[in-house]
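The sequence and the model come next.

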Amino acid sequence: ANRWGSIEPLSGREMLQAQQQESRLTHRVTMRYMEGLTPHHRVKARGRTFQIHEVGNVEERDRMSVCLCEEVVAV
């Protein structure tokens, strides 16, 4: 599905906090809410692919989702 969204690299401090849970988290993706979005999904944007590790429902209002992701790099 196509969604509006933004992709931001995590800051050094955020990466240190995120590494306690997952050492490869590299980006935060904020987008319009999508029911059923799970870590089994990926986000594609501008030719880049991001594997979702965590999905959050902002304020539990079903309007915005924030995903902590790892960029998938083709070898």
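## The loop between β4 and β5

R61 is placed in the loop between β4 and β5, where helices (H or I, at least four residues) and strands (E, at least two) are DSSP runs numbered from the N terminus. The model is a predicted one, in which local features need pLDDT of at least 70, side-chain atom pairs count only at pLDDT 80 or more, and totals for chains, interfaces and linings use all residues. Residues are numbered from 1 along each chain as its sequence is written, and side-chain values use heavy atoms, with hydrogens and water left out.

R61 is partly exposed, with a relative accessible area of 47%; buried stands for under 20% relative accessible area, exposed for over 50%, and partly exposed for what lies in between (1.4 Å probe, protein chains only). E59 is exposed at a relative accessible area of 61%, and E60 is exposed at 64%.

## Backbone angles in the turns

Most residues other than glycine have a negative phi. E59, not a glycine, has a positive phi near 55°, and E60, also not a glycine, has a positive phi of about 55°. β4 and β5 form a hairpin with six residues between them, and E59 is in its turn.

The hairpin of β3 and β4 has two residues between the strands, and R46 there takes a positive phi near 50°.

## Overall fold and strand pairing

The protein has one helix and five strands, in the order β-α-β-β-β-β along the sequence. Of its 75 residues, 28% count as buried. Among contacts (heavy atoms within 4.5 Å) between residues at least 6 apart in sequence, 43% join residues at least 24 apart.

Two strands pair if DSSP finds at least two bridges between them. β3 and β4 run antiparallel and are joined by four bridges; A45 has R48 of β4 as its bridge partner. β4 and β5 also run antiparallel, with eight bridges between them, and V55 has C67 of β5 as its bridge partner.

A nonpolar core is a set of buried Ala, Val, Leu, Ile, Met, Phe, Trp, Tyr and Cys residues joined through side-chain atoms within 4.5 Å. The largest one has eight residues: V29, M31, L37, V43, F50, I52, C67 and C69. At least two residues of this core come from each of β2, β4 (48–57) and β5 (64–72). In soluble globular proteins, nonpolar side chains tend to be buried together.

T30 is part of strand β2 (residues 27–32). T30 counts as buried because its relative accessible area is 14%. Leaving aside residues up to four places away in sequence, T30 touches W4, G5, S6, E8, M64, S65 and V66.

The largest pocket has a volume of about 370 Å³, volume being the space filled by probe spheres set on the points, which are joined across faces, edges and corners. The elements giving two or more residues to the lining of this pocket are β1 (5–9), β2 and β3 (42–45). β3 gives the largest share, four residues.

The lining has 17 residues, and A1, R3, M31, V43 and K44 lie nearest the centre of the pocket. By class, nine lining residues are nonpolar, four polar and four charged; Ala, Val, Leu, Ile, Met, Phe, Trp, Tyr, Cys and Pro count as nonpolar, Asp, Glu, Lys and Arg as charged, and the others, Gly among them, as polar. In β3, V43 and A45 make up a covered face, whereas R42 and K44 make up an uncovered one.

Key. 1 Å grid on protein atoms, 1.4 Å probe; cavity = no way out; pocket = protein on both sides within 12 Å on 5 of 7 lines; lining within 4 Å.
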